[in-house]
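Work through the exercises below with the sequence and the 3D structure at hand. Each task is followed by a solution in steps.

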Amino acid sequence: MQADKQLSTEIDANVPTAARMYDYYLGGKDNYAADRAAVGELDKVVPSTRRLALNNRRFLQRVVRTLAQEYGIRQFLDHGSGLPTQDNVHQIAQRVAPESRVVYVDNDPMVLVHGRALLDQNDRTAVIHADMRSTDEIFSHPDTQRLIDFSQPVAVLFNSVFHCIPDSDTDGPMAVVRRVTERLVPGSYAVMCQLVSEDPEVRKFVTDFMDQATQGHWGRVREPKDVEALFEGMEILEPGLVEVSTWRPDTDVAPRQLTDEWIEFGGLGRIR
């Protein structure tokens, strides 16, 4: 059973969200005191998170550019896209190929407001207010149907989002990936990464803290093997599944994490 509960369109400034916390880490302005307070508490235990967020964003930019330049992908479906920032998926892809089409999906009402304002003048890009687990709703949405031709290769993005949903046989990360990729033609691609840690104490602290802070809008910090399992049956492209700052880096001077109590781990897979 897919997640199909009614999403709220109200913005609650008193409850932190992962999207707004991520925005704050990236230096954005679309966040509230509750988000900044949660970041402060998180940083006491996992102080590398700001650099981790910056490196994750740069990974997203590199992988989208790679998909557009090297693999000729012109269609992108971005699950859990987060708040708009500099160099979003559509901007990167459309610099390479102006005809590129992008559909963003997020359940945070602030993302909907800011995303639609940003995309108002771009008819090749849309933002959908939906839970990333609601595959039927996403694929049948009029904007998806207008922009994405599923008879052609598509890149689906799950960038730093799976730690936001709990494990479930029907709606957990594995089920979502299978539901999405079975609808795509061979030669499509999946970008996936999430927060992982080898330290069980770190995994427990962050999972419990974020679950409480976001009032249940969280899954768990997982292990690298959990991310590896998501790519089962796909061709994993070089350099494999890695800490994302090391995925085809543009430069040797990217921000480095000073500690590695947790990392963003993942890569790019091609659907056979």
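A search of the whole structure finds 18 salt bridges, a salt bridge being a side-chain nitrogen of Lys or Arg within 4 Å of a carboxyl oxygen of Asp or Glu. The model is predicted, so local features need pLDDT of at least 70 and side-chain atom pairs count only at pLDDT 80 or more, while totals for chains, interfaces and linings use all residues. Residues are numbered from 1 along each chain as its sequence is written, and side-chain values use heavy atoms, with hydrogens and water left out.

**Exercise 1.** Find the salt bridge between R65 and D250, and state which parts of the chain the pair ties together.

Solution. Step one is the distance: the closest N and O atoms of R65 and D250 are 2.7 Å apart. Step two is the location. R65 belongs to helix α3 (residues 49-69), and D250 to the loop between β7 (242-243) and β8 (263-270), so the pair ties together parts that are 185 residues apart in sequence. Helices (H or I, at least four residues) and strands (E, at least two) are DSSP runs, numbered from the N terminus. Step three is accessibility, where buried means under 20% relative accessible area, exposed over 50%, and partly exposed in between (1.4 Å probe, protein chains only). R65 is partly exposed at 28%, whereas D250 is exposed at 56%.

**Exercise 2.** Describe the surroundings of Q94.

Solution. Q94 sits in helix α4 (residues 89-96) and is buried, with a relative accessible area of 12%. Its side chain is joined to that of N122 by a polar contact of 2.9 Å. A polar contact is a pair of N or O atoms within 3.5 Å; within protein, one must be able to donate a hydrogen and the other to accept it, and residues adjacent in sequence count only if both atoms are side-chain atoms. Leaving out residues up to four places away in sequence, Q94 touches S100, N122, R124 and T125, where contact means heavy atoms within 4.5 Å.

**Exercise 3.** How many aromatic pairs does the structure hold? Describe the pair formed by F139 and F150.

Solution. The structure holds five aromatic pairs. Rings of Phe, Tyr and Trp (its six-membered ring) pair if their centres lie within 6.5 Å; planes under 30 degrees apart count as stacked, over 60 as edge-to-face and the rest as tilted. F139 and F150 are stacked, at 4.6 Å centre to centre with 20° between the planes. F139 lies in helix α6 (residues 135-140) and F150 in the loop between α7 (142-147) and β4, so the pair ties together parts that are 11 residues apart in sequence. Both F139 and F150 are buried.
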